[in-house]
Amino acid sequence: MKIKEVVYALEQFAPLPLQEDFDNAGLQVGLTETEVSGALLCLDVTEKVIDEAISLGCNLVVSHHPLVFRPLKRITGANYVQRCVIKAIKHDIVIVSMHTNLDNALNGVNFKIAEKMGLDDIRLMAEKNVGDVMAGSGVIGDFKEPMAAETFISMLKKVFDVKCVRANELLRRNIRRVAICGGAGAFLLGEAVKNGADAFVTGEMHYHDFFDHEQEIQICVIGHYESEQYTKEIFKSIIEERCPGVMCYMTNVNTNPINYL
């Protein structure tokens, strides 16, 4: 099977027109006519990830965050992005990224987060049509059994391996309905309130976003990497279902640049 067939399968699941205007999802580096020897799946592309692909004999790296997000004016090895591009080309490795198109897709990133939480009746929160494709920013779902805010936060820490959760004051009612936006999701907080969510979970928010929501909604910020770490599982299921025989590996490299000390 050629690399372009794997790329096609990924883009059928999360079409590139679903990405936001600021994004740069899709093919990043390389030629796709080559037969695929294996796919390494990751959240971020770093030099250690490229080295891992080389050691595994993979000539395809599939990431969530685009390696090339801003235009490159030169490639001299001055930063990790340039060094990754050089190393990938030198070793005939193709890099493909599925970013906000996968965020916005049905059964995409936010659906996976909701699944990990154990939510039911998961649906798109801010729906939109792109062509004939239904998509949307964020999801919302419900627990069969509501839980106290303290219990909810403890669950988040366990499920997402989070050392701390940034939150506003603890809600004094139980949490049943939860709104979710992986990554930087502050723009959906108002939508979460409008949809009657008891809690809003995202990866990062600014200081002032926490104000003026006391006892309205439980805000829980778990970290950008932590919120999207299971995206690799989506890639794996797509490739294994639609490209049988292609070896898939989920990276063992923790690419989170943030440490909690």
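Author: What follows is a set of questions and answers on cores, contacts, salt bridges, the surface and the backbone.

Reader: What kind of model is this, and how are residues numbered?

Author: This is a predicted model, in which local features need pLDDT of at least 70 and side-chain atom pairs count only at pLDDT 80 or more, while totals for chains, interfaces and linings use all residues. Residues are numbered from 1 along each chain as its sequence is written, and side-chain values use heavy atoms, with hydrogens and water left out.

Reader: Where do I begin with the inside? Which residues have the most contacts inside the largest nonpolar core?

Author: In soluble globular proteins, nonpolar side chains tend to be buried together. A nonpolar core is a set of buried Ala, Val, Leu, Ile, Met, Phe, Trp, Tyr and Cys residues joined through side-chain atoms within 4.5 Å. Buried means under 20% relative accessible area, exposed means over 50%, and partly exposed is in between (1.4 Å probe, protein chains only). Here the largest core has 53 residues, and those with the most contacts inside it are Leu60, Met117, Phe152, Leu156, Val178 and Ile239. Helix α1 (residues 3-13) supplies the largest share of this core, six residues. Helices (H or I, at least four residues) and strands (E, at least two) are DSSP runs, numbered from the N terminus. A second, separate core has 18 residues, among them Val45, Leu67, Val81 and Ile95.

Reader: Which residues does Ile239 touch?

Author: Contact means heavy atoms within 4.5 Å. Leaving out residues up to four places away in sequence, Ile239 touches Val6, Leu10, Ala39, Leu41, Val62, Pro244, Val246 and Cys248.

Reader: With which side chain does Thr255 make a polar contact?

Author: The partner is the side chain of Asp44, at 2.5 Å. Thr255 is in the segment after β11 (248-250) and is buried, at 12% relative accessibility.

Reader: How many salt bridges does the structure hold?

Author: A salt bridge is a side-chain nitrogen of Lys or Arg within 4 Å of a carboxyl oxygen of Asp or Glu. The structure holds 14 of them. In one, Arg83 pairs with Glu47, the closest N and O atoms being 3.1 Å apart. Arg83 is in helix α3 and Glu47 in helix α2 (residues 47-56), so the pair links distant parts of the chain, 36 residues apart. Asp51 forms a salt bridge with Lys87, with the closest N and O atoms 2.8 Å apart. Since Asp51 lies in helix α2 and Lys87 in helix α3, this pair ties together parts that are 36 residues apart in sequence.

Reader: Which strands hold Arg123 and Asp142?

Author: The side chains of Arg123 and Asp142 meet in a salt bridge (2.9 Å, N to O). Arg123 lies in strand β5 (residues 120-130) and Asp142 in strand β6 (residues 133-147), so the pair ties together parts that are 19 residues apart in sequence. Arg123 is partly exposed at 24% relative accessibility, whereas Asp142 is buried at 12%. Elsewhere, Lys112, Glu115, Lys116 and Glu233 are linked in a network of salt bridges.

Reader: What should I look for in the backbone?

Author: Most residues other than glycine have a negative phi, and most peptide bonds are trans. Asp212 has a positive phi of about 70 degrees although it is not a glycine. Asp212 lies in the loop between β9 (199-204) and β10 (218-221) and is exposed, at 66% relative accessibility. Gln215 lies in the loop between β9 and β10, with a positive phi near 65 degrees. Gln215 is partly exposed, with a relative accessible area of 22%.

Terms used
A polar contact is a pair of N or O atoms within 3.5 Å; within protein, one must be able to donate a hydrogen and the other to accept it, and residues adjacent in sequence count only if both atoms are side-chain atoms.
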